[in-house]
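Here is a short report on one protein model.

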Amino acid sequence: MTVVIGFEGSANKIGVGIIRDGEVLSNPRRTYITPPGQGFLPGETAKHHRSVILTVLQEALDEAGLKAADIDCVAYTKGPGMGAPLVTVAIVARTVAQLWGKPLLGVNHCIGHIEMGRLITNSQNPTVLYVSGGNTQVIAYSERRYRIFGETIDIAVGNCLDRFARVIKISNDPSPGYNIEQMAKKGTKYIELPYTVKGMDVSFSGILSYIEETVFAMLVEITERAMAHCSSQEVLIVGGVGCNLRLQEMMGVMCKERGARLFATDESFCIDNGAMIAQAGWEMFRSGHVTELSDSWITQRYRTDEVEVTWRD
């Protein structure tokens with residue numbers, strides 16, 4: 001059996017997870033929460049991560065009932081994400097790998113979400129809608145790559161929701177998107193908003209003053225187009241915004257009309273977490289990937305389709 005520990009800290013979540021052959025042994029996490037009306041700055045976020053990461057690491061080992069000697073590989077988020085938080089996590093992962101004498105593996109954050117979603121839902125070959133604070137992409141697997149069929153041409157959908165929450169001073173606890181969702185459930189009137197779909201891409205910057213229902217309709221449309229192109233009968237929603245039940249409901253209606261299946265996870269796994277990095281690292285490590293110490297840098301821009309997916313097919 002192969003045991004991989006994963007370190008995630010690309011934004012305001014810091015998590016450490018342990019995977020053993022598809023089983024999540026532990027997945028503790030902390031969130032850096034700022035006051036209403038404020039976002040999280042890279043330096044302050046990194047400071048938060050530095051203050052708790054060793055505690056979270058110990059929690060992960062304790063919950064899993066494992067020691068350093070039981071770990072086969074140390075995986076960490078290489079990117080994309082915020083520079084300072086990524087560096088914090090990479091330094092700890094590099095140090096741990098050297099202290100424990102274990103192989104190191106840099107993981108693409110987006111692929112971590114996809115592989116965690118595939119594991120938890122048992123979806124086989126889904127069209128993936130990846131929606132988070134930093135990314136909005138429609139993805140499908142083809143010829144050893146996760147191909148991007150459509151994406152935002154300006155800001156990510158999660159960033160759009162976060163910025164809207166800051167403007168009207170919605171609380172960041174537990175997250176702006178969650179609080180918007182709860183307020184929207186009480187709404188009774190639909191307001192027509194700018195709807196900007198350009199081919200397979202979307203634009204959210206012009207809609208920032210308005211928000212949720214129209215944003216999700218745009219995402220459902222481009223996902224359905226990708227499904228038609230790929231002859232897909234599965235949709236998997238991943239990323240932090242994927243927790244939104246209204247988005248899942250709207251996507252479910254589309255899937256039902258097409259005779260397709262919808263897969264989604266709860267906040268345990270759709271929100272950034274260490275186990276998703278461990279799971280992607282597990283897949284990569286088992287297929288022969290290892291990151292040399294000299295190559296264990298981070299990058300804020302690391303596209304999903306840059307990674308050769310050697311563990312499928």
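## Terms and model

A residue is called buried when its relative accessible area is under 20%. Asn 244 comes in at 5%, so Asn 244 is buried. The model is predicted.

## The disulfide

How many disulfides does a search of the whole structure find? The search finds one. A disulfide is a covalent bond between the sulfur atoms of two cysteines. Here the partners are Cys 243 and Cys 270, with their sulfur atoms 1.8 Å apart. The link is right-handed, with 55° about the S-S bond. Cys 243 lies in the loop between β12 (234-238) and α7 (245-258), and Cys 270 lies in helix α8 (residues 267-270), so the bond ties together parts that are 27 residues apart in sequence. Cys 270 is buried, at a relative accessible area of 1%.

The cut-off for a disulfide is 2.5 Å between sulfur atoms. Cys 110 is buried, with a relative accessible area of 1%.

## First annotated site

An unreviewed UniProt entry places a "binding site" feature at His 109, His 113, Tyr 130 and Asp 272. These residues span 164 residues in sequence, but no two of their C-alpha atoms are more than 12.1 Å apart, so they gather at one spot.

His 113 sits in helix α3 (residues 109-121). Its relative accessibility is 2%, so His 113 counts as buried. Beyond its neighbours within four places in sequence, His 113 is in contact with several residues, among them Tyr 130 and Asp 272 from the annotated set. Cys 270, a partner in the disulfide, is also in contact with His 113. Other contacts of His 113 include Val 238, Gly 239, Phe 269 and Met 276.

Asp 272 sits in the loop between α8 and α9 (274-286). Is Asp 272 buried or exposed? At 11% relative accessibility, Asp 272 counts as buried. Leaving aside neighbours within four places in sequence, Asp 272 is in contact with residues including Glu 8, Ser 10, Lys 13 and Arg 29. His 109 and His 113 are also among its contacts. The side chains of Asp 272 and His 109 make a polar contact at 3.2 Å.

## Second annotated site

The unreviewed UniProt entry also lists a "binding site" at Tyr 130, Val 131, Ser 132, Gly 133, Gly 134, Asp 162, Gly 177, Glu 181 and Asn 244. Gly 177 lies in helix α5 (residues 176-185). Not counting residues up to four places away in sequence, Gly 177 touches Asp 162 and Asn 244.

Asn 244 is in the loop between β12 and α7. Leaving aside neighbours within four places in sequence, Asn 244 is in contact with Gly 177, Glu 181, Glu 212 and Phe 216. Which backbone nitrogen does the side chain of Asn 244 reach? It is that of Arg 246, at 2.9 Å.

## Rings and charges

A pair of aromatic rings is described by the distance of the centres and the angle of the planes. The count here is one aromatic pair. The rings of Tyr 141 and Tyr 146 have centres 5.7 Å apart and planes at 65°, so the pair is edge-to-face. Tyr 141 and Tyr 146 are buried.

Tyr 141 also has a charge over its ring. The charged end of Arg 312 sits 4.2 Å from the ring centre of Tyr 141. Elsewhere, Lys 78 lies over the face of Tyr 302, at 5.3 Å from the ring centre.

## Ala 97

Ala 97 belongs to helix α2 (residues 83-100). At 6% relative accessibility, Ala 97 counts as buried. Ala 97 touches Val 74, Lys 102 and Leu 104, not counting residues up to four places away in sequence. Val 235 is 138 residues from Ala 97 in sequence and 36 Å away in space, C-alpha to C-alpha.

Conventions:
Residues are numbered from 1 along each chain as its sequence is written. This is a predicted model: local features need pLDDT of at least 70, side-chain atom pairs count only at pLDDT 80 or more; totals for chains, interfaces and linings use all residues. Side-chain values use heavy atoms; hydrogens and water are left out. Helices (H or I, at least four residues) and strands (E, at least two) are DSSP runs, numbered from the N terminus. Buried means under 20% relative accessible area, exposed over 50%, partly exposed in between (1.4 Å probe, protein chains only). UniProt positions are given in the numbering used here, feature names are shortened, and annotations may be inferred rather than shown by experiment. Contact means heavy atoms within 4.5 Å. A polar contact is a pair of N or O atoms within 3.5 Å; within protein, one must be able to donate a hydrogen and the other to accept it, and residues adjacent in sequence count only if both atoms are side-chain atoms. Rings of Phe, Tyr and Trp (its six-membered ring) pair if their centres lie within 6.5 Å; planes under 30 degrees apart count as stacked, over 60 as edge-to-face and the rest as tilted. A charge sits over a ring if NZ of Lys or CZ of Arg is within 6 Å of the ring centre and within 35 degrees of the ring normal.
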